[in-house]
Amino acid sequence: MNVLFLIHGVGRQSETWATCPDGPIETLNRAAQAYSKFKGRHIREFIDFVPIRYDDIFDRILGQWANSAEELKNLPALPGALSGALQFTSKMGDDKDVLFTFGFDVALYRGFRLFGQRIQLRVISEMARVIAERTAKAGGTPPAFGVVAHSLGTCVAHDSIHLLGSENWLSAAYEAGPLGAAEEAQGFRKSERELALALNTPNPFRPGTFLFNSIFMLSNTSELLQTVSPPARSIVCPLPVNGASAPYCQSFYSVDHRLDPISKVKAFSVPDAWKPNGRSVIIDHLYDPNIHAFSHYLLNPKVHIPLLAKAVNDFAPTTDEVRIAREFPQFGGNLEQLMADEKAKLSSRLAILVEDATRPVKDEIGHWLEVYGRLREIAEGVS
Amino acid sequence: MKLQALALGIAILGFGMPAGAQGSPSDEGFIVCDRNYSISHPLSWENLARQLPSPVEFRTSAGFLLTTLLRSHNQSEVASRDLFASKIRAVLEGKSDCCAQFAIKKDVDPDDFSTKLSLFDDSILLSSCGANNERAPQLDEFRYLAHAMEILGNLKLANNRTAAVAAIRAKEEEFDQMIFHGFPMFPWEALANSLLLTSRQITNGPPANQLVFLHPSIGAEVQVGLRESHIQPSLALEPLGFIRYPPRSKHRTWWGLSFLTTFRGDMGLGLGGMARLQNFSLGVLWHDSDNDGRPFNSKPFIFLGLDLYQFASGSLRRYEGLRDEIRQTLKESAPPGD
């Protein structure tokens, strides 16, 4: 069974963020019921989902700050500015929901390298563990590994995947000495190990030895928020780079909703050189006030059909299913009952916000946070 | 080993790929020219593993696959066969890495939803089965050979991947140790340390040194020469200092030095320095006790960070109780109007 890593975006998540009724797995499952291959069965019978959560690290950091500040904040001898800072810091524990609402996690990821790297290691560690486990088993069709990331998660995914494939994770281990008895039990001759050591390429997840079969970036923020390499120059692309024998992903889909302003601040554009394996997918359906939501993106057949077809080797939609998919209505779901003028008003407000998002500004991160806040207001206003 | 390989080779050359290979239990693998994956196919890994020399050795096995490919009667279209063969040779000759290039690609068009299978970035189209499906045996054989090469590559790297996973996990733990269990940082300190001391290279791990910057804490002061009854609670602020995590300590132990200022309700600003080992801190400072505008001509004070005071006092007070006592005393000793 193929593996699909899921990486969430901005905001506080629960432990069940991926499996809850409105989460991406159940949304994908409902969408899959339209296709005879999956009808009557749960999508988990076909795809090995691996949700990766990282917002709990932000939670822990804010809680620690709040606790440290709590002891000191009201002491009268404190200098005024420091007292104010401690007052604010002590509230971080109680106000987490508010802080995350305004994208504080973005500030923590992007502004604090120490925390950004910790987040990246969470994603890298989980991916590496699953890849190592699944590929160690020989037999049948080798498992393929895909990634679906959303919003801030596209940036976290991009940074983490780039590091997974480009850093020398084993360099310390090689310096420490020879591998142990497990290697001998696997039956590889000493010459193989010596060859690997001599080649001085201690990353067993590098391009050429491993590749992702698909990477789906929904509401792609990697151009704006990345911390390791501009996306057009990283290894996270469907082209071989730096002399590798294969690219790091077979298929790359950058999915953008026409009215989603989040991906429009310093928008990512698929380079021409990446095509046709790199694709830009534009969608414009309106099924929920929160058009930016992970699940909302998955509703569109232009997203979930490629995703399902890449993740399930023997799935391809029938001719009838293709015809129905092409007739996917623009309005539906929670917005189907809106009056025509309300639909027009929502579209118009979103279009104005998109136009504002694309405006050139000096402080792009600040502008992104402002746009994010305004999108939430629109979504809450319609709900 | 050679007899086994010869036997398998004769079976393949003599009988080709049995048509009954299709329709056998499927692992939901790719459908190549209407054929599902079948474990009964002679080139399925399940069959190959029984025939290859044990333990599995990469070069010998890859060489066997190359020989099998070149001798197969199913390889009717020579150009494709030779292209596939060149990919295996490149690996055996050390000219290319292995074996991600053998992963079958399924292209899916998000506009018309069409799908297409291929190898080597569309160089071999596994969907071009011919008008009468006449290319099915050859293309299906490519599928099994490609899978076998991928599996060989994965097995070759299995131990390295396991080791890398452990190395990555160790890095995670080291970051956690510093961020959540090391010397605590307030937000402005975390920002300074991120900007100034955290390496861009993630494999370097968290910084071995940590900046202390406007770091507040509480403790107690006692003037040198006086008895314990003159111990006074004190609010400390380290304007600048550093923490050092020794090599090989994995951020579990640390020591540090800082400039020290203290604030007390009963006398003016204290100035001095402080040393710490783990969460224990000990400082020396001067207050202008005699109000002559020269703090350093007075007797010095010793500052004990909260943990060290608790340890030195020898009593079994709970940390929380002692902390509250100090805070309350500091509040009560504040000048009116604060």
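1. Hairpin in chain B. In this predicted model, strands β1(B) and β2(B) make a hairpin, with 6 residues between them. Phe113(B) sits in the turn and has a positive phi of about 65 degrees.

2. Pairing of the two strands. β1(B) covers residues 105–108, and β2(B) covers residues 115–119. They run antiparallel and are joined by 4 bridges. Across the pair, Lys106(B) stands opposite Leu117(B).

3. Side chains of β1(B). Lys105(B) and Asp107(B) point one way, while Lys106(B) and Val108(B) point the other way. All are buried. In a regular strand, side chains alternate between the two faces of the sheet.

4. Helix α5(A). This helix spans residues 104–111 of chain A. Its buried residues are Asp105(A), Val106(A), Leu108(A) and Tyr109(A). They lie on the same side of α5(A), because they cover an arc of only 165 degrees around the axis.

5. Main nonpolar core. The largest nonpolar core has 87 residues. Phe5(A), Met127(A), Leu164(A) and Phe212(A) touch the most other members. Helix α6 of chain A, residues 113–135, gives the most to this core: 11 residues.

6. Surroundings of Phe212(A). Which residues are in contact with Phe212(A), leaving aside neighbours within four places in sequence? They include Phe5(A), Met127(A) and Leu164(A). Ile131(A), Phe145(A), Val147(A) and Ile161(A) are also in contact with Phe212(A). Tyr248(A), Cys249(A) and Gln250(A) complete the list.

Definitions and conventions: Residues are numbered from 1 along each chain as its sequence is written. Chains are lettered from A and ligands numbered from 1 in the order in which they are written. This is a predicted model: local features need pLDDT of at least 70, side-chain atom pairs count only at pLDDT 80 or more; totals for chains, interfaces and linings use all residues. Side-chain values use heavy atoms; hydrogens and water are left out. A nonpolar core is a set of buried Ala, Val, Leu, Ile, Met, Phe, Trp, Tyr and Cys residues joined through side-chain atoms within 4.5 Å. Buried means under 20% relative accessible area, exposed over 50%, partly exposed in between (1.4 Å probe, protein chains only). Contact means heavy atoms within 4.5 Å. The arc is that of the directions from the helix axis to the C-beta atoms. Two strands pair if DSSP finds at least two bridges between them.
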